[in-house]
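Subject: Structure handover and notes

Dear colleague,

I am passing on the structure below, followed by notes on what was found in it. Please read the notes with the sequence and the coordinates open beside you.

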Amino acid sequence: MLILLLGVLILTLAWFQNNSIRQQLEQRGKAIAQSLVATSTKALLTYDYITLEQFANQAAQDPNILYVVVHDKENRVAGFSNRPDLQGKKLTDKISHGAVSATSPLVQRFDTESGSQPGLDVALPVFLPDSMSRWGTIRVGLSLTSMYRQIQQTIWIILGIGIVALITGTVISFLGAQRVTRSLGELVWATMDMAKGNFTHTIGIKTGDEVEVLAANFAVMTKEIVAHQERQEEQLKEIQRLQDYTEKLMITMADGLMSVDMKGTVVTINPAARTLLGLSPINGIEGKNIAAILGESSQLVLLVQEIIHQPAPVSHREIEIRKDAEVQTILLGSSILHGAKGNRLEIILNLHDITELKKLEARIRQSERLAGLGTLAAGMAHEIRNPLSAIKTFVQLLPRKIDKPGFLEKFNRTVPRETERINVLVEELLELSRIPRYEFATTDINGLLRQSVDAVEEDLQRSNVEYHQDLQDNLPLIQADSNQLIKAFNNLIRNAIQAMPDGGRLTTRIFYEEFADDGKQPITQTNGRIIIIFQDTGQGISPKELQQIFNPFFTTKDSGTGLGLPITHKVITEHGGRIDVESKKGQGTKFTIQLPIDEKISVLTPSSPGLL
């Protein structure tokens, strides 16, 4: 490396020194030529060759100047130092030809015929004052011998110093290497002891350099390894304790817990899960496919296959498991265990038996149905009793007052009216209770609302109700029975009108919302729904009454059957939607309807007239 660096240094210095000395020589040659131009111009104009010869001989007395040549206008030699025999002749060599042809200062390198004395030829053209006419050429030949001699001396000096430095460096390196290798050998023996498990080896290296730092760091690393081993042993004990705790927890927990890998193979299962699934507590279940254990048609197997093909956690899914002659209802939740690289490893299933809870819910629902039936019967009896009383009264008076003027007219007016009232009541009850027969079709909800408002427009004007609507364009289409939805909208609008006897403001809004569910009640769509809002500024509803507005025969009005809102609620739920109500006494009421969209239908454009 030192030899290589020394060679590069020599070449670099030689190159820089050569350029520097040559530039100096060129500047010197140009200066001499400029001086000769200044003194020889007059002699060139008068063709005074003798004077030019003298100028050339005087300038060539410098030992570093090989020659001085003055060419006249015709490129003949007007003066050549120490060569009077060449006066008046034209020189034909390549250097001379280049010099007399130059129109600006020209520097050319040349070698003498013997090749022992290289030099530089500096040529400077002579121009007349204030003229571009060339009147001659001055040439100065400079010797490069001294330059090469100086470069050689420099190279020899650098070479001598480099050889001394090389020998000295080699000796020092040898001694330093011995000192380092001895210390490194001790480190090697220490590492061999550590590889055999002996971490008590002490290193006593005191060199005061990087090797001592390395030895100190090695000792610190040894202590850290020992401490790390101790921590690993403690962690291993903690892992064993947690594993024992987990196993006991799985054994004692009441809920069933099992894990299945992504191929459907059972990895772990606790005793509670074995009991819930009706499996033997003795036979080995782990390592077997869940379909082979429970059967291909089992709801649990189908759910596991669904999660494997579409990995997503399942929460609060109810499944039924047949065990002997009984049917158990299991509430199931799942999560997916991922590996370090994010790959799916296992499906963890939590099984909770809710069979008794479902039976309790069934008993509660039965009680609620009976209570609701009692309320319905009481309301129906009350609503039918009034028209029946009027009919009974007229029937009882018929024999005595049949001949009384005006009685038959009043009879014929009252009895059919009350009979029709009973008929309407029965029809509404039948509509509320019968199995729905809806005719679903692709529907534009904006068009339905406009039709509903057109039907009650006169009622709005007569009741001094100001109507405003905010309909969003480009709404997705829905699948709906337009007649049933219009009936539901009309009920809500008429209720709002009746809630504002002194006039007010009714506002309707329709917009699309990209939510799947808010957790209150399941909605059939997955990525959006249509929101319809009816908001009035009427009398409002008290909190106590608000809880009963969807109950049959409940009404706060002097007239009416109390079946309008229950029918509206039924229509909305039969469309897979939900209706909510918010109200404060004296501050108005807001009904919010959510309807699922039909994802297979394209969005209406603003120019579309709407499909009904």
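In what follows, axes are lines fitted to C-alpha atoms, for helices over the stretch in contact, and angles run from 0 to 180 degrees between N-to-C directions. Helices (H or I, at least four residues) and strands (E, at least two) are DSSP runs, numbered from the N terminus. The model is predicted, so that local features need pLDDT of at least 70 and side-chain atom pairs count only at pLDDT 80 or more, while totals for chains, interfaces and linings use all residues. Residues are numbered from 1 along each chain as its sequence is written, and side-chain values use heavy atoms, with hydrogens and water left out.

**The sheet and its helices**

An open sheet is formed by 5 strands in the order E2-E1-E5-E4-E3, with antiparallel pairing, where two strands pair if DSSP finds at least two bridges between them. E2 and strand E3 (106-111) stand at the edges with a single partner strand each, so one side of each is left without a neighbour in the sheet. From one strand to the next the twist averages 20°.

Strand E1 (residues 65-71) pairs with strand E2 (residues 77-80) over 3 bridges, and 6 bridges join E1 to strand E5 (residues 134-143). Val69 stands opposite Phe80 in E2 and opposite Arg139 in E5. The hairpin of E1 and E2 has 5 residues between the strands, and in it Asn75 takes a positive phi near 70°.

Helix H1 (residues 2-45) packs on the sheet, touching E1, E3, strand E4 (118-127) and E5, and its direction makes about 145° with that of E5; contact here means heavy atoms within 4.5 Å. Helix H2 (residues 49-59) lies across E1 and E2, running at about 35° to E2.

**The pair H13 and H15**

Helix H13 (residues 482-498) packs against helix H15 (residues 564-574) at an angle of about 140°, with the axes 9 Å apart. Among the residues that meet are Leu485, Ala488 and Leu492 in H13, and Leu565, Val571 and Ile572 in H15. The residues of this contact divide into 7 nonpolar, 5 polar and 1 charged, where Ala, Val, Leu, Ile, Met, Phe, Trp, Tyr, Cys and Pro count as nonpolar, Asp, Glu, Lys and Arg as charged, and the others, Gly among them, as polar. The buried residues of H15 (under 20% relative accessible area, against over 50% for exposed and in between for partly exposed, with a 1.4 Å probe and protein chains only) include Leu565, Ile567, Lys570 and Val571. Gly576, whose phi is positive, near 80°, follows H15.

**Salt bridges**

Which salt bridges does the structure hold, and how many? A search of the whole structure finds 15, each being a side-chain nitrogen of Lys or Arg within 4 Å of a carboxyl oxygen of Asp or Glu. One of them joins Glu513 to Arg529, with the closest N and O atoms 3.1 Å apart. Glu513 lies in strand E14 (residues 504-513) and Arg529 in strand E15 (residues 529-536), so the pair ties together parts that are 16 residues apart in sequence. Glu513 is partly exposed at 21% relative accessibility, whereas Arg529 is buried at 4%.

Lys359 and Glu356 meet in a salt bridge at 3.8 Å, N to O, and are 3 residues apart in helix H9 (residues 355-401), which separates them by about one helical turn. Asp72, Glu74 and Arg76 are linked in a network of salt bridges.

Best regards
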